[in-house]
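Open the model in your viewer and keep the selection panel at hand. This tour goes from stop to stop and says what to select at each.

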Amino acid sequence: MQSADPRWSDVDDYIVEHLIGGDPALEACLAANAAAGLPPIDVSVPQGRMLELLARSNRAQNILEIGTLGGYSAICLARGLGEGGRLVTLELEPDHARVARRNLENAGQGSKVEICVGEAVTSLQGLLEQGGAPFDLVFVDADKQNYAAYLDYALKLSRPGALLIFDNVVREGRVVDPQSEDPKVPGTRKLYEMLKNHPKLDATAIQTVGAKKWDGFLMAVIREE
Ligand code: SAH
Ligand code: DHB
Ligand code: MG
């Protein structure tokens, strides 16, 4: 694979300058993540804004995120919530959750967000047993090996019409290589296999280039029938 074209980042900068602008809370979040040694694998600035707009246009009141890291995408999703809305975000690493909690508070979003620390599958089982309000939007961005399990839980925990979004479903094209040595590829391919002719979901995936190189989002909507 060739290295990223520098124009991808230049165009992201142009998009941010014209459509989004500076954002002290998100910039502080990235600085805090770097200071804490978190890997820089947050969604990009335009992708974060896209998550916010999807939440808002879907009138989401209950959002689930799997994979919090330092809370960058959580801040974006929380901003897109309707009045009184709630975000539940799941994170394995207590250190990541601590950084995220602080970043969410600093961004003025803390009161809307619950961070559940632990294996996401365990937290998801807990949410299922609690039987709370179904989710309107689910953003999946944790370990790719478990994407199939996350789809199963997202379906059980969400209402008809809900939007499910999966990050990193292209991985510089490695997704089409069944022999790929990237350990994250088989989990992602399993997600696509599950969605092939799925009885309850309509799906697409959009390839993206930009500051986060060549990757993509997969989106699925639960049929309303
Ligand atoms: N959504 C974030 C980035 C998430 S990075 C953003 O855009 O800002 C992926 C995160 O998933 C990491 O913090 C990692 O610790 C977490 N993770 C990995 N495996 C997990 C698991 N089994 N359960 C819960 N979280 C997990
Ligand atoms: C990785 C994970 C992500 O969620 C992402 O957006 C980019 C990279 C990773 O684990 O390498
Ligand atoms: Mg990701």
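Start with ligand 1: one of its nitrogen atoms is 2.9 Å from an N or O atom in the side chain of glutamate 119. That is a polar contact, a pair of N or O atoms within 3.5 Å; within protein, one must be able to donate a hydrogen and the other to accept it, and residues adjacent in sequence count only if both atoms are side-chain atoms. This is a predicted model, in which local features need pLDDT of at least 70, side-chain atom pairs count only at pLDDT 80 or more, and totals for chains, interfaces and linings use all residues. Residues are numbered from 1 along each chain as its sequence is written, chains are lettered from A and ligands numbered from 1 in the order in which they are written, and side-chain values use heavy atoms, with hydrogens and water left out.

Select alanine 120 next. Its backbone N or O atom lies 2.9 Å from a nitrogen atom of ligand 1. The protein covers 92% of the 590 Å² of accessible area that ligand 1 has on its own (Shrake-Rupley method, 1.4 Å probe). Then pick leucine 69, where a polar backbone atom is 3.4 Å from an oxygen atom of ligand 1.

Now show the shell of ligand 1. There are 21 residues around the ligand, and Ser73, Glu91, His96, Glu119 and Asp141 come nearest; a residue counts if one of its heavy atoms lies within 4 Å. The shell divides into nine nonpolar, five polar and seven charged residues.

Move to the magnesium ion, ligand 3. Select Asp141 (OD), Asp167 (OD) and Asn168 (OD1): they coordinate the ion at 2.0 to 2.1 Å. Donors are N, O and S atoms within 2.8 Å of the metal (3.2 Å for Na, K and Ca); water is not among the atoms, so sites may look incomplete. Along the chain, the donors follow the spacing D-x25-D-N.

Are aspartate 167 and asparagine 168 buried or exposed? Aspartate 167 counts as buried because its relative accessibility is 6%. Asparagine 168 is buried too, at 16%. Buried means under 20% relative accessible area, exposed over 50%, partly exposed in between (1.4 Å probe, protein chains only).

Finish at ligand 2. Select Ile41, Asp141, Lys144, Asp167, Asn168 and Lys184, the residues around it. A polar side-chain atom of asparagine 168 lies 2.7 Å from an oxygen atom of ligand 2. For lysine 144, the side-chain N or O atom is 3.0 Å from a ligand 2 oxygen. Taken alone, ligand 2 exposes 290 Å², and the protein buries 72% of that.

Technical notes:
Nonpolar A, V, L, I, M, F, W, Y, C, P; charged D, E, K, R; others polar.
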